[in-house]
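Subject: Structure handover

Hello,

Here is the structure I promised to pass on. Please open it and keep it beside you while you read my notes.

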Amino acid sequence: MYWLYYAVGIFWGDLVIHLARSAFGREARTEELTQALIMALAGVGCLWLGMRARLGKLLVPRITPQLVLTGTRLSYLRAVLVGSSLLSIFEPSLYLAGDGGRQIVALSLSFIPLLAFAILLRRYMRGESAELDKLLLVGFLITRFLVGLSSGWLGAAGSIMVIGAVIFIAERRRLPVMAVVLVVLFTLFFQVGKEEFRAVYWTQRVQATQLDRVSFWINASLEKWSEALSDPKGERIDRLFADSVSRVSLLTQTANVIEQTPEVVPYQNGRLYSYLLVSIVPRFIWPDKPSVNEANQFYQVAYGVTAEEDLGKVSISVGVLTESYINFGWYGVIGVMFILGIFFDFFQRTFLSPSSGLLMSSLGIALLPQLLSVEAQMPQYLGGIVQQVVLSVVVLLPIISWGKAKTSTRKVLRLSGSSLAKQRSITGSAPSA
């Protein structure tokens with residue numbers, strides 16, 4: 001992901017820094033672009049060192065929740081998927097449960113159905129599904145794509161593709177090449193019409209049905225790609241491709257931060273991370289708690305990306321890597337990314353190991369799209385994970401049992417191999433089946 005957000009833009013992106021008070025922006029300087037690439041390389045290296053330090057294993061819990069999917073318990077899981085999916089179709093207000101329950105409603109509409117989908121899809125991949133489950137999976141996919149695109153976010157549909165691809169890899173042990181190609185084509189196609197869609201339905205607040213909004217986005221993207229492909233010189237398609245790449249690039253934003261820090265904007269010395277601690281507290285306990293968006297808003301205004309009066313219309317993040325530089329300079333890049341590597345090690349051992357179990361591993365897979373969104377700043381990047389895990393356990397509590405994590409498959413195989421070797425040395429022959 002860091003290669004995508006930093007390296008690709010050098011060759012195919014728009015190397016212009018776009019600022020709020022500038023109509024055309026200004027070209028990023030080579031010196032800052034070079035430092036941005038070095039920062040990305042150093043950050044990824046520190047992530048790797050943090051994972052290799054193996055400190056994350058000290059945080060792995062001994063007792064983990066395990067799913068029991070038999071009889072009525074399986075029906076309960078199906079009901080969770082259907083109920084949360086239907087709720088998202090009706091687009092209820094996030095304040096349905098009051099201001100304190102806003103986060104619970106948001107997660108119930110977004111994350112809980114993703115988790116139920118991941119569990120049922122894994123059962124399908126293992127040949128454990130009934131015909132009803134297959135219908136529910138297809139219905140969920142249609143609903144999710146419709147709701148996601150009608151809201152103006154590519155992330156909702158993209159998350160489904162990522163989760164499906166990872167589950168395929170986990171269950172079949174091979175890369176779904178076609179799925180990867182579809183994700184790329186899907187993103188490139190819809191990316192070009194996103195700005196026009198948001199101008200109509202976000203800025204002008206035009207009222208329309210979900211199908212009308214999806215149709216508008218498809219037609220807007222089709223029109224732009226048709227114009228680009230009909231250009232004999234190929235200049236329009238180059239422009240569209242560059243625009244699409246630039247929208248998933250942090251290169252020029254990071255260059256802008258390096259240029260202004262600390263001469264114009266002083267180091268924040270960890271102030272932006274205070275929102276990370278705040279985000280762990282549920283809003284129903286602390287209704288007036290600060291918003292995690294305030295960290296993004298500080299960046300937008302301080303570095304001239306967005307005018308203060310436009311903060312309600314635009315939200316732009318600079319990513320966890322560059323945010324570490326805003327707080328502590330190069331020391332932040334090394335230290336924060338190393339600590340993040342320790343977290344990844346913990347996450348992998350807890351949620352994605354052979355001993356994690358169906359619930360924990362499905363939780364880990366459902367959380368992966370969030371961890372792949374490296375453009376988010378730390379409060380958004382990690383802040384909601386605790387709430388997502390806790391709410392998921394609460395919702396699925398009727399079908400959960402508690403117990404120690406099972407011995408990992410690899411460990412079992414190593415023990416079996418050593419036992420076989422001992423038997424050979426004692427009997428002088430291979431053991432019978």
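Predicted model: local features only at pLDDT ≥ 70, side-chain atom pairs only at ≥ 80, totals over all residues.

Start with H6 and H15. The crossing of H6 and H15 is right-handed.

Which residues of H6 and H15 meet? From H6, they are Ser159, Val162, Ile163, Val166 and Ile167. From H15, they are Ile365, Ala366, Leu368, Pro369 and Leu372. Of the residues in this contact of H6 with H15, 9 are nonpolar, 1 is polar and none is charged.

Now turn to H4 and H6. The axes of H4 and H6 come within 10 Å and cross at roughly 35°. This crossing of H4 and H6 is right-handed. On the H4 side, the contact uses Leu114, Phe117, Ala118, Leu121, Arg122 and Met125. On the H6 side, look for Ile160, Ile163, Gly164, Ile167, Phe168, Glu171 and Arg172. The contact of H4 with H6 divides into 9 nonpolar, 1 polar and 3 charged residues. Ile163 and Ile167 of H6 are listed in the contact with H4, and they are listed in the contact with H15 too.

Next, H5. It runs over residues 131-150, which makes 20 residues. From first C-alpha to last, H5 reaches 29 Å. That is close to the 28 Å expected at 1.5 Å a residue. Which residues of H5 are buried? They are Asp133, Leu136, Leu137, Phe140, Thr143, Arg144, Val147, Gly148, Leu149 and Ser150. Just after H5 comes glycine 152, with a positive phi of about 90°.

Two other residues have a positive phi without being glycine. One is arginine 205, with phi near 55°. Arginine 205 sits in the loop between H7 and H8. Its relative accessible area is 61%, so arginine 205 is exposed. Another is asparagine 269, with phi near 50°. Asparagine 269 is in the loop between H10 and H11. Is asparagine 269 buried or exposed? Asparagine 269 counts as exposed, because its relative accessibility is 59% and the cut-off for exposed is over 50%.

The loop between H10 (251-260) and H11 (274-280) also holds proline 262. A cis peptide bond joins threonine 261 to proline 262, with omega about 0°.

Last, find threonine 203 in helix H7. Threonine 203 counts as exposed, because its relative accessibility is 55%. How many residues separate threonine 203 and proline 113 in sequence? The answer is 90 residues. In space, threonine 203 and proline 113 are 29 Å apart, C-alpha to C-alpha.

Best wishes

How values were computed. Residues numbered from 1 in each chain as written. Heavy atoms only, no water. Helix = DSSP H or I, 4+ residues; strand = E, 2+ residues; numbered from the N terminus. Expected span 1.5 Å × (residues − 1). Buried < 20%, exposed > 50% of the residue type's maximum accessible area, 1.4 Å probe, protein only. Left-handed = near helix turned anticlockwise from the far one by under 90°. Contact = heavy atoms within 4.5 Å. Nonpolar A, V, L, I, M, F, W, Y, C, P; charged D, E, K, R; others polar. Axes fitted to C-alpha atoms, helices over the stretch in contact; angles between N-to-C directions.
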